[in-house]
Amino acid sequence: MFQPVVLASHCKIRNFIYQRPMQKHILILGGSSEGFTIASMLHDHPAYKVMSSLAGRTSVPKKPKGPYRIGGFGGSEGLEQYIKTHQIDAIIDATHPFAQKISSNANIAAAKANCPILHLWRKEWQKTNDDHWIDVPTMQAAAQHLNQTHSPVFLTIGRLELAAFLSCTEITLYSRAIEPATKAEQKTKLSASDKEQAWPDNFHFIYAKGPFTYEKELALIKQHNIKAIVTKNSGGPGAYAKLEVARTLKLPVIMISRPEKPKGQIATNPQDALKWLENLS
Ligand code: NAP
């Protein structure tokens with residue numbers, strides 16, 4: 001792995017120093033648990049020098065292993081510039097499957113900068129015969145589907161698209177997110193309780209970060225006498241327990257379907273993403 005370099009070939013005793021082989025510069029677009037996993041797998045790997053990138057949506061983000069940066073690039077042009085300036089050899093797009101803009105920007109930027117890109121696209125959750133899922137295409141469709149028989153509803157959709165449920169004035173809503181949202185999701189200096197006051201009285205807030213266990217989800221859903229759950233089909237194990245609880249309690253789940261897969265090369269897990277990297281010339 002480490003190549004000996006001859007310092008003085010004319011000497012009777014040759015001196016060797018050991019030098020790292022050329023490292024490939026990898027940009028990981030993070031935001032999913034797989035992004036953290038692949039950053040840990042590549043950390044200290046002799047063949048790669050890695051930079052993780054986070055959007056900066058939460059005020060105290062989980063930190064990936066190794067170097068990272070936070071904040072947007074400024075569209076596909078900004079990302080293209082970043083790839084060129086930092087001589088990125090390959091991109092792993094490990095953003096959340098519902099984060100469509102960044103994946104599309106990354107494809108455009110990678111094509112223009114002639115940089116290989118792989119999308120880590122985890123498998124979606126599959127309905128079983130014991131599930132009562134109502135598949136809807138958008139957040140607005142989920143809100144339109146709700147009626148009083150579903151009240152109180154458990155919203156596990158994050159905080160950015162909560163405004164879609166402002167039309168559900170007759171329904172009690174429990175929204176779980178990592179941190180508070182304002183109606184327009186503006187950056188303000190309001191405290192959590194001030195932000196909550198900006199929402200109608202039928203909105204209630206629970207702040208928590210996954211992964212969530214079956215026992216805790218069951219306790220929470222029973223505590224609030226939840227009658228239906230709204231969620232995105234994110235896939236992965238960290239947020240799956242609520243679906244098992246819904247199955248046990250025979251609760252309907254309004255399931256927002258996956259958006260289209262990003263175009264280009266796809267891996268469904270970090271191990272396959274690593275193989276893809278290893279096979280790059
Ligand atoms: P998005 O709509 O696809 O992206 C919006 C903008 O955010 C992008 O154009 C880019 O800004 C910036 N951005 C997104 N991901 C970035 C990254 N990893 N590094 C640097 N900039 C990034 O994304 P979103 O749906 O708002 O999600 C934002 C982040 O939260 C993503 O990283 C995603 O993985 C994570 N997340 C999203 C969801 C979800 O349901 N959408 C759930 C869990 C986690 P510029 O154009 O300025 O470059």
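Is K250 buried or exposed? With a relative accessible area of 60%, K250 is exposed, a class that requires over 50%, whereas buried means under 20% and partly exposed lies in between (1.4 Å probe, protein chains only). The model is predicted, so local features need pLDDT of at least 70 and side-chain atom pairs count only at pLDDT 80 or more, while totals for chains, interfaces and linings use all residues. Residues are numbered from 1 along each chain as its sequence is written, and side-chain values use heavy atoms, with hydrogens and water left out.

K250 belongs to the loop between α7 and β13; here helices (H or I, at least four residues) and strands (E, at least two) are DSSP runs numbered from the N terminus. Although K250 is not a glycine, its phi is positive, at about 60 degrees. A positive phi, near 55 degrees, also occurs at N225, again a residue other than glycine. N225 sits in the loop between α6 and β12 (228-232), and its relative accessibility of 47% makes it partly exposed.

Helix α6 (residues 214-223) and helix α7 (residues 241-249) have axes that come within 8 Å and cross at roughly 55 degrees. The axes are lines fitted to C-alpha atoms, for helices over the stretch in contact, and angles run from 0 to 180 degrees between N-to-C directions. The two helices are therefore oblique to each other, given that angles under 35 degrees count as roughly parallel, over 145 as roughly antiparallel, 65 to 115 as roughly perpendicular and the rest as oblique. On the α6 side the contact (heavy atoms within 4.5 Å) involves Y214, E217, L218, I221 and K222, and on the α7 side A241, K242, E244, V245, T248 and L249.

Beyond residues up to four places away in sequence, I256 touches, among others, F98, V136, P137, M139, A142, I157 and V230. P137 is in the loop between β8 (132-136) and α4, and at 63% relative accessibility P137 counts as exposed. Leaving aside neighbours within four places in sequence, P137 is in contact with I256 and S257. The C-alpha atoms of P137 and M255 are 8.3 Å apart, although 118 residues separate the two along the chain.

Finally, helix α1 (residues 33-42) has E34, G35, F36, I38, A39 and L42 buried. Their cover includes β3 (24-29), β4 (48-54), β6 (90-93), β7 (117-120) and α8 (270-278). After α1 comes D44, with a positive phi near 70 degrees.
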